[in-house]
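Have the picture open as you read, and try to find each part as it comes up.

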Amino acid sequence: MEASIRLGRLRGIEIGVHYSWLLVFALLTYSLAVGVFPSWYPGWSSGTYWAVGALASVLLFASVLAHELGHSLVAQSRGVPVIRIVLFIFGGVAQLADEARRARDEFLIAVAGPLVSVAIGIVSLGLWPIVEDISQPLGAIFEYLGWANLILVAFNSIPAYPLDGGRVLRALLWGTLGNVLRATRIAAGIGVAIGFLFMAGGLFLVFRSPLSGIWLIALGWFLQNAAQQSYQQLVIRRLFEGVHVGQLMDPDPPTIRPDATIDELVDALLAYNVRSFPVVEDGRLVGIVTLTDVRHAPREQWPIRRVRDLMTPRERLITAKPEDDLERILRLMATHEIHQIPIVDDSRLLGLLTRNALLRFLQLRQELGRLPDEVAVLYAQRQRERRAS
């Protein structure tokens, strides 16, 4: 998940918030200012309730950030790179660049976040009576943070992958079975089942408390969807492990000159039936231009504007070498949501790796009868989705 608003970096980890977090912040502040704190502490002014509600909401999400940092810093210490932490509608997510390589590492990474939240909860509840003697509103914030963090730990401990409890379960199964794929399949299956239970409970609750029911349905949908996607991603990673970029790249992709007009570019896109071109000058890669870039140029400018005016320049591109591991490049493509990666040696273009090439590789493996059952099912599902769209 990409951050909509980037807040900065810590130890190389990008930290940001998704726009959906702003909605939750507003709803949580409203709930605290209108419902929770007036019932706990009657007699305050309206302005005090709103100020305390807003501050408590900010500190709660700071606690969620600390929780994700717990996961991230332990992951880094175990040799697992962390790309970013994003706060979003359902809390927070730490996006790791790779899976843990051992069950023990997975277990330590999974429990680190809840331990941080437990510490915040216990400290907050311990400070609550002390601070309340000095300032009742500040004491109320510590009381809320204490209980909220402990409740979050209890929820995260549900053995529904990819929640923390589900990751702990996967680590234990991994250590017992000695097979990470099988352990993930079992943990993800439990996550999907619990997600559907949440959705069923939400449908029952929606007639008595519509907002709570809708929220439970949304949470259940998120759980089952996240569990399925996490398992699918692991299956694909394992499939491409050990395969090199040079084996799947197109060694002679069609290219275009930077001084070509947009009209010439459009003609070439139609002629080759592609969505993008590497832009090459004197054998050197200088950028990439895509169909999306063309859409940003007014039609009347097509005869006069040049490809160099539209292209993404070389210095902003993600590139690879033929000997690079395909599984790592696949992670980059998924993380940055790109459809092609130029393969270069210094600045010389050697080929192009596209998502279509990856799909053809999957198809070939299936036709040769060498796909694992899990990947065959996933591939068939993706084919049905493509035909439906």
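## Starting with a strand pair

Find Ile-15 in E2: its bridge partner is Gly-8. Keep in mind that you're looking at a predicted model, not an experimental one.

E1 pairs with strand E2, which covers residues 13-17, and the two run in the antiparallel sense, with five bridges between them.

## The whole sheet

Now zoom out a bit. How many strands does the open sheet have, and in what order? There are four, arranged E1-E2-E3-E4, and the pairing is mixed. At the edges sit strand E1 (5-10) and strand E4 (91-96), each of which pairs on one side only. Going from one strand to the next, the twist averages 20°.

## A helix on the sheet

Next, look for helix H2, made of residues 46-77, which packs on the sheet. H2 touches E1, E2, strand E3 (82-88) and E4. Compare directions, and you'll find that H2 makes about 165° with E3.

## Where two helices meet

H2 also has a helix for a partner: H3, residues 103-134. Their axes come within 8 Å and cross at roughly 145°. Is this crossing left-handed or right-handed? It's right-handed.

Which residues make the contact? On the H2 side they include Ser-63, Ala-66, His-67 and Gly-70, while H3 brings in residues including Leu-108, Ile-109, Pro-114 and Ile-120. Sort the residues of this contact between H2 and H3 by type and you get 10 nonpolar, six polar and no charged.

Technical notes: Residues are numbered from 1 along each chain as its sequence is written. This is a predicted model: local features need pLDDT of at least 70, side-chain atom pairs count only at pLDDT 80 or more; totals for chains, interfaces and linings use all residues. Side-chain values use heavy atoms; hydrogens and water are left out. Two strands pair if DSSP finds at least two bridges between them. Axes are lines fitted to C-alpha atoms, for helices over the stretch in contact, and angles run from 0 to 180 degrees between N-to-C directions. Contact means heavy atoms within 4.5 Å. A crossing is left-handed if the near helix is turned anticlockwise from the far one by less than a right angle, and right-handed if clockwise. Ala, Val, Leu, Ile, Met, Phe, Trp, Tyr, Cys and Pro count as nonpolar, Asp, Glu, Lys and Arg as charged, and the others, Gly among them, as polar.
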